[in-house]
Amino acid sequence: MGLFDEIVSSALKGALGQAEQSVLPGLLSQLLANTNLGSVGGLLQQLQQGGLGGQVASWLGNGANHAISPDQLRSALGNEQLQQMAQSAGLPIDKLLAMLSQQLPQTVDQMSPNGTLQEADQSEDAASDSAAGGDLADQAGLGDIRRN
């Protein structure tokens with residue numbers, strides 16, 4: 001591969017990564033709307049009650065985002081919440097936990113530019129979800145990893 005091809009490939013990967021990041025808040029909101037948590041705010045409250053207040057505060061604040069592990073998420077959310085979220089996403093629980101641990105800090109940070117969580121209107125999300133059809137994993141292009 002030539003230098004030009006490498007530059008174009010890198011630029012495309014960067015653009016795709018930014019596009020994925022921009023849709024994550026909406027996908028997360030849609031996923032949580034179908035659970036007892038109801039919203040990203042509900043998720044953050046559950047994490048805080050589960051002993052992860054330091055991580056949540058770092059995501060909402062201006063400093064570095066603290067990491068969160070799949071095991072920490074599993075412990076804080078509990079089996080019932082995880083089953084609801086996995087069913088809504090159309091993913092196995094372990095895949096969902098891995099994805100959340102990787103994406104949640106940046107996604108919440110992106111949703112709280114001024115230190116306050118800004119969520120989209122859930123009725124708009126539900127309408128766009130039903131119009132798009134399929135489960136969230138398919139809408140996010142993740143349907144092919146569902147059975148792995």
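Thr35 touches Gln81, Gln84 and Met85, leaving out residues up to four places away in sequence. The model shown in these views is predicted.

**View 1. Thr35 sits in the loop between H1 and H2.** Thr35 has a relative accessibility of 10%. The cut-off for buried is under 20%. Thr35 therefore counts as buried. Its contacts beyond the sequence neighbourhood are Gln81, Gln84 and Met85.

**View 2. Overview of the protein chain.** The secondary structure comes to 6 helices and 0 strands. From the N terminus on, the elements run α-α-α-α-α-α. The protein chain has 148 residues, and buried residues make up 33% of them. Contacts between residues at least 6 apart in sequence were also sorted by separation: 66% of them join residues at least 24 apart.

**View 3. Leu32 is a buried residue of helix H1.** Its relative accessible area is 0%, so Leu32 counts as buried. Neighbours within four places in sequence are set aside here. Leu32 is then in contact with Leu37, Gly38, Ser39, Val40, Leu43 and Met85. Leu43 lies 11 residues from Leu32 along the chain. The C-alpha atoms of this pair are separated by 7.7 Å. Met85 is a contact of Leu32, and Met85 is also touched by Thr35.

**View 4. Helix H2 packs against helix H3.** H2 covers residues 40-60, and H3 covers residues 70-89. The two helices pack at an angle of about 130°. Their axes are 8 Å apart. The angle makes H2 oblique to H3. The crossing is right-handed. From H2, the contact uses Leu43, Gln46, Leu47, Gly50, Leu52 and Gln55. These meet Gln72, Leu73, Ala76 and Leu77 in H3. By class, the contact of H2 with H3 has 6 nonpolar and 4 polar residues, with no charged residues.

**View 5. Helix H2 crosses helix H4.** The axes of H2 and H4 come within 12 Å. They cross at roughly 90°. The two helices are therefore roughly perpendicular to each other. H2 brings Val40, Leu43, Leu44, Leu47, Trp59 and Leu60 to the contact. H4 brings Leu104, Pro105, Val108, Asp109 and Met111. By class, the contact of H2 with H4 has 10 nonpolar, no polar and 1 charged residues. Leu43 and Leu47 take part here, and both also belong to the H2 side of the contact with H3.

**View 6. Ala57 is a partly exposed residue of helix H2.** Ala57 has a relative accessible area of 47%. Partly exposed lies between the buried cut-off, under 20%, and the exposed cut-off, over 50%. Ala57 therefore counts as partly exposed. Ala57 and Leu44 are 13 residues apart in sequence. Their C-alpha atoms are 9.4 Å apart in space.

**View 7. Helix H3 crosses helix H4.** The axes of H3 and H4 come within 9 Å. The crossing angle is roughly 115°. H3 passes H4 in a right-handed crossing. On the H3 side, the contact is made by Pro70, Leu73, Arg74, Asn79, Leu82, Gln83, Met85, Ala86 and Ala89. On the H4 side are Ile93, Asp94, Leu96, Leu97, Ala98, Leu100, Ser101 and Leu104. The residues divide into 12 nonpolar, 3 polar and 2 charged.

**View 8. Asn79 is an exposed residue of helix H3.** Asn79 has a relative accessibility of 51%. The cut-off for exposed is over 50%, so Asn79 counts as exposed. Asn79 is also one of the H3 residues in the contact with H4. Asn79 and Ile93 are 14 residues apart in sequence. In space they are 9.3 Å apart, C-alpha to C-alpha.

**View 9. Helix H4 is kinked at Gln103.** H4 covers residues 93-111. The kink is about 45°. Gln103 lies shortly before the proline Pro105. Buried residues of H4 include Leu104 and Pro105. Also buried are Leu96, Leu97, Leu100, Ser101, Thr107, Val108 and Met111. Leu104 is in the contact with H2 and in the contact with H3. Pro105, Val108 and Met111 belong to the contact with H2. Leu96, Leu97, Leu100 and Ser101 belong to the contact with H3.

Notes
Residues are numbered from 1 along each chain as its sequence is written. This is a predicted model: local features need pLDDT of at least 70, side-chain atom pairs count only at pLDDT 80 or more; totals for chains, interfaces and linings use all residues. Side-chain values use heavy atoms; hydrogens and water are left out. The bend at a residue is the angle between axes fitted to the seven residues ending there and the seven starting there. Helices (H or I, at least four residues) and strands (E, at least two) are DSSP runs, numbered from the N terminus. Buried means under 20% relative accessible area, exposed over 50%, partly exposed in between (1.4 Å probe, protein chains only). Axes are lines fitted to C-alpha atoms, for helices over the stretch in contact, and angles run from 0 to 180 degrees between N-to-C directions. Angles under 35 degrees count as roughly parallel, over 145 as roughly antiparallel, 65 to 115 as roughly perpendicular and the rest as oblique. A crossing is left-handed if the near helix is turned anticlockwise from the far one by less than a right angle, and right-handed if clockwise. Contact means heavy atoms within 4.5 Å. Ala, Val, Leu, Ile, Met, Phe, Trp, Tyr, Cys and Pro count as nonpolar, Asp, Glu, Lys and Arg as charged, and the others, Gly among them, as polar.
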